[in-house]
Amino acid sequence: MLSFYFPYQEVDLLENETRKKLLSEAAAVALGLAIGFCPAPEGLGQPAMWVLGLLAWAIVNWMTNAVPDFVCIFVMCSTWVLLGIMPFQSAFGSFSSSTVWLLIAAMGISVAVSKSGLLARVALKVMSIAPPTFRGQSLALMGSGLFIGPFIPSTIVKVSIVGAMATDIGEKLVYQHRSKGMAGLWSSMYLGYNQLSQAFLSASFFAYIILGLFPAAVQEQFTWTFWLIASVPWLLISAVAGFLLIQFHYTPEHAPKVTKEDIRAMADGLGPMNRDEKLTLAVLLVCVFFWVLEQVLSVPAAITAIGGLCVLLALGVVKVADFNQRISWNVICFMGGAINLANAITTTGIDKWLGATFGGPMSALISNPYLFVFTVGAAALIARFIIVDMTTCYALFIVVLSPFCIDAGMSPWVAAMCAYCVVYPYFTKYQNVNFLAAFNSAGGDEKLDHAKLVPFCLTFHIVSILALTASVPYWQMLGLIP
C-alpha cells in the first residue's frame, strides 16, 4: 500500500505559533507605546515614561517568548540612545564591566570541565565512597553536588552530566524506570547540583549576574567568602531538610543493594585521568583559592577567572571553536543589558519616584524583615508561573526592590537571595531550562515520571522560603538587615 505524508498538521501548528507571537508582540508594542506617550506623573519626566514603556514591552516579550530576551535588551539600550535618554557610553557601558568579563571567563572554564570529563570522574568517586543503598547514594549525589558545585559555574553543565549518572545508579540498584527510587536519586542529584548552588558565588552564572546588578559598594562587600558566610543558615536548613524530604517522598519499600565494586567499575570505565582533566583540575583549584582569598590577596575575581581561561586556551584545553560556539553569548548579552536597566532607572529618577510613591507601604513591609523576606520569596516563586525566564524573574525583583532596601538600610542582597533561591521550580516541564537539561540527560519520560518529581519540588521550595525567613536574625547580626 502506498502512503503519503502531508505535513498539513505541522504547518498549522507553525502558523498558530506564529500567529500567537504576532498577537503577543502587537500587545507588547501597544502597551509600551501607551506608557511611553502617557503624560509623566509629578516627579517624573517623559524620558522616564519611555524607560518604563520599554520595560513593559520587554516584560511582555519575556513572558511570551515572542522575542528573545537578549534581543529585547539590545532594543531597549539602543532606544535609550536614540531618544537621548542616555548616551551610548552609558547605555552599553556595563558590557565592559568586571561582572561581564567574570561571566565570560567562568563560562569558558565550564567548557573545559564539560569537555574533559573531570566532573563525571569526581562525582563517581564520591558515590563510590558512600554506602550502596538508596539513602547512601542519595546522600552521595547531594553531597557531591555541594562539593563540586563551587568549582564549576555552570549549573546546566553539571546537571546535564550527573543527571545521567543518577539514573545509571538507579538501574544498578535495580529500580524500575519511572519508580519512586529513580525519582529520589534524580531529586538528590538536582538538589545538590542545582537547588543548593545559590550558596556559592562561583557555583552558578546567575550569582555573577546578581552581583553585577548591585551598587559598587555592595559588590565589593560580597566576595566569594562573604557570600558563603551570609548564605550559611539557608544552606544548612535547606540541605538537611531537602535530604530528609527525599527520604520521606521516595524511599523504596524494598531497597536492593549494589556493591561498591559496581560503582567503582563505572569510574574505572573512564580510564586514567588525561592531560586535559589534570590541567582543568589544577586551574579550578587555583581559581577557587584566589576567589576565597580575594580580599586578602587583592586580586579581583574577574582577573582570576580570565587568567584561568587564558591558561586553558593557551594549553589547548579550550579550543578557539569552543570559545566561539560553546559559550552562552545570549546570556552575557542579556546580563549586560540588565545591569544597564538599573542605570537607566537611576538616571531618569524612577527609583526616587518609586520611593516617594510607594515608600510608605514598602517601608512598613521592610520594617518587619520576617514578613518582607517571606513575602518576596513567595512572590518570586509565584512569578515564575508567569515569567518563564529565570534570569528575567530575579533581575526584575532586584531592580525594583533594591532602591527600597537601600533607603531602609537593608542590603539589596537580602531581597536578591529571596528571589534567587526560588527560581528553579519545575512544577511544569517547560518552566525551567535547567530542569529540562537534567531530566532529558537522565533519560526523560522513559526513566523518570515527572508527576513523581513534583511533590519534592513543592515541599523543598516551601522549606527554602522558610529557611530564608529563619535567616533574618543571622543577617541582622551580619549587619545586612537593620
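**Inside and out**

A: The largest cavity is lined by Trp-62, Ile-73, Phe-334, Ala-338, Leu-341, Thr-392, Ala-395, Leu-396 and Val-399. Keep in mind that this is a predicted model, where local features need pLDDT of at least 70, side-chain atom pairs count only at pLDDT 80 or more, and totals for chains, interfaces and linings use all residues. Residues are numbered from 1 along each chain as its sequence is written, and side-chain values use heavy atoms, with hydrogens and water left out.

Q: OK, and what counts as a cavity here?

A: Picture a 1 Å grid over the protein atoms alone: a cavity is a set of points where a 1.4 Å probe fits but cannot get out, and lining residues have an atom within 4 Å of a point. A pocket, which we'll get to, is an open set with protein on both sides within 12 Å along at least five of seven lines.

Q: How much space lies in the largest cavity?

A: About 50 Å³. Volume here is the space filled by probe spheres set on the points, with grid points joined across faces, edges and corners. The count comes to one cavity of 30 Å³ or more.

Q: Which helix gives the largest share of that cavity lining?

A: Helix 21, with four residues. Helix 18 and helix 21 each supply at least two. Helices are DSSP runs (H or I, at least four residues), numbered from the N terminus.

Q: What's the lining like by class?

A: Eight residues are nonpolar, one is polar and none is charged. For those classes, Ala, Val, Leu, Ile, Met, Phe, Trp, Tyr, Cys and Pro are nonpolar, Asp, Glu, Lys and Arg are charged, and the others, Gly among them, are polar.

Q: Now the pocket. How much space lies in the largest one?

A: About 590 Å³. Its lining has 27 residues, and Ile-156, Ser-328, Val-331, Val-433 and Asn-434 lie nearest the centre.

Q: Which helix gives the most to it?

A: Helix 5, with four residues. Helices that each supply at least two include helix 5 (98-116), helix 10 (205-213) and helix 18 (329-347). By class, the pocket lining divides into 13 nonpolar, eleven polar and three charged residues.

Q: Switching to charges: how many salt bridges does a search of the whole structure find?

A: Four. A salt bridge needs a side-chain nitrogen of Lys or Arg within 4 Å of a carboxyl oxygen of Asp or Glu. One of them pairs Lys-447 with Glu-171, with the closest N and O atoms 3.2 Å apart.

Q: Is Lys-447 buried or exposed?

A: Lys-447 counts as buried, at 15% relative accessibility. Glu-171 is partly exposed, at 34%. Buried means under 20% relative accessible area, exposed over 50%, and partly exposed in between (1.4 Å probe, protein chains only).

Q: What does Asp-449 meet in a salt bridge?

A: Arg-178, at 3.6 Å, N to O. Asp-449 sits in the loop between helix 23 and helix 24 and Arg-178 in the loop between helix 8 and helix 9 (180-195), so this pair ties together parts 271 residues apart in sequence. Asp-449 is buried at 16%, whereas Arg-178 is partly exposed at 35%. The two are also linked with Lys-452 in a network of salt bridges.

Q: What about the backbone at Arg-178?

A: Arg-178 has a positive phi of about 65 degrees, although it is not a glycine. Most residues other than glycine have a negative phi. Ser-298 also has a positive phi, near 55 degrees, and Ser-298 is exposed at 60%.

Q: Last one: which residues form the nonpolar patch on the surface?

A: Phe-374, Leu-458, Ile-462 and Leu-466, with about 360 Å² of accessible area together. Patch residues have over 30% relative accessible area and no salt bridge; nonpolar side chains (Val, Leu, Ile, Met, Phe, Trp, Tyr) are joined within 5 Å, like charges within 9 Å. Areas come from the Shrake-Rupley method with a 1.4 Å probe, and for residues only the protein chains shown count as cover. Helix 24 (residues 450-470) gives the largest share of the patch, three residues.
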